[in-house]
Amino acid sequence: MSKKIKGYSKLTKEAKIEWLIENYFEQPEKALQLLKSYWHGDADLQKMHDEFIENTLTNFYLPYGVAPNFLINDKMYCLPLAIEESSVVAAAAKAANFWVNRGGFKSNVISTTKIGHVHFSWEGNEFEKFETFINNIKPDLIEGTNHITANMRIRGGGILNIQLNNKTAEEPGYYQLEVKFDTRDSMGANFINSILEEFAKILKYKLAESDLAEKEVQIVMCILSNYTPECLVRCEVSCPVSELNDDKDISPEDFASKFLRAIRIAEIEPYRAVTHNKGIMNGIDSVVLATGNDFRAVEASAHAYAARNGKYSSLTHAEVKNGIFKFWIEIPLSLGTVGGITTLHPMVKFSHELLGKPSAPELMQITAAAGLAQNFSAILSLVTTGIQKGHMKMHLLNILNQLEATEEEKSLIIDYFKDKVPSHHATVSIFCQIRGIKDLSEINLK
Ligand code: MEV
């Protein structure tokens, strides 16, 4: 068989798998069994998953966990988190437990506006006349897309603003129609892109009918922007410094001071800011995935926002004023609670029910709290015990599973590390000791 294939997507699922395992696997039968073992027992459900994307062969599991005790705007939530990293759910739950007794998280949505562009070229030299022409065709643009916006308008959303941007100083002949939208509870990507494509058609034929000397535009592309600085949420926690720390090894004042310094370092030092924000995204992405939202869009926007002042910086900030410690996040989060896979994927529907079927703004508030919580736990560990204590404790089971330790061995080793920070080396060493072997070469790991 050849590794080059034409028309793969047209094959049946069985034929796709056969071609794949024969071409790429030393033990095709074993590969086949593995793929099949992840098929869903319910054929209808499996079919739905098959139809989410092209060339689906099987399913790819991620753990789905929950973090209870999230008090957000005086309402109790149990957060759904889909994530593979061992310590994320534990860190979220720890921060939730800490803040539930200190007033909880206060979240508010600053704005929910989304943006899209028709990017086009126009080679004319009567800019003012062109600008007037664009202003004059705005009612045609609105009217020409009424069929697309009808339902959204009933829900209170729609097109908010249309403006012409002259970008010729940066790129000769380059202009944009910049359009702002309110997409209510949907993320709105298809809605926005459909409108932009219709706008491009209207722009083209209206210009052809105009009295401008240059009657042609070249439409380069019509696309929403995943950078959503106007779809913004803020979430904060606060308490008196004296209530900040239950740790006996460090005073609350010293803890606050180290915490603030850690945040300051992330504000001024991009190397630290990237890791700091990555930790925030551990919490954000887990909720975004569990609720069926687009984590790539959220990631792209968050990092662009973190660099909005020309230097990559922290998404969280902290201060102590008049004895009150305050810690907050401001982050763009373009999320949806209707549309996409929110009403299809059973576990996504489960997450929405668990959260009390939130609106998109409420989900923004919840998700921002997950990010802030994650960052609080990370900084707390970093400036006190160090990150490895908690992280390796959670990761220990992964190492033991890699070693194919028995349940009895696991329990002995977990007990051994109760008062020690586990490391990979130390785990292997105690494992070998318990097994009565010199090193891992004596056993056959899969
Ligand atoms: C690990 O996934 C995330 C952290 O590195 C975040 C941080 O350093 O703030 C612990």
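This is a predicted model: local features need pLDDT of at least 70, side-chain atom pairs count only at pLDDT 80 or more; totals for chains, interfaces and linings use all residues.
In what order do the 4 strands of the open sheet lie? Residues are numbered from 1 along each chain as its sequence is written, and side-chain values use heavy atoms, with hydrogens and water left out.

**View 1. The open sheet has the strand order 3-8-10-9, with antiparallel pairing.** Strands are DSSP runs of E of at least two residues, helices are runs of H or I of at least four, and both are numbered from the N terminus; two strands pair if DSSP finds at least two bridges between them. Strand 3 (106–112) and strand 9 (316–321) are the edge strands, each pairing on one side only.

**View 2. Strand 8 (residues 231–240) and strand 10 (residues 324–332) run antiparallel and are joined by 9 bridges.** Leucine 232 has proline 332 of strand 10 as its bridge partner.

**View 3. The axes of helix 9 (residues 270–290) and helix 12 (residues 360–383) come within 8 Å and cross at roughly 135 degrees.** Axes are lines fitted to C-alpha atoms, for helices over the stretch in contact, and angles run from 0 to 180 degrees between N-to-C directions. Contact means heavy atoms within 4.5 Å, and the residues making it include Arg272, His276 and Gly279 of helix 9 and Leu363, Thr367 and Ala368 of helix 12.
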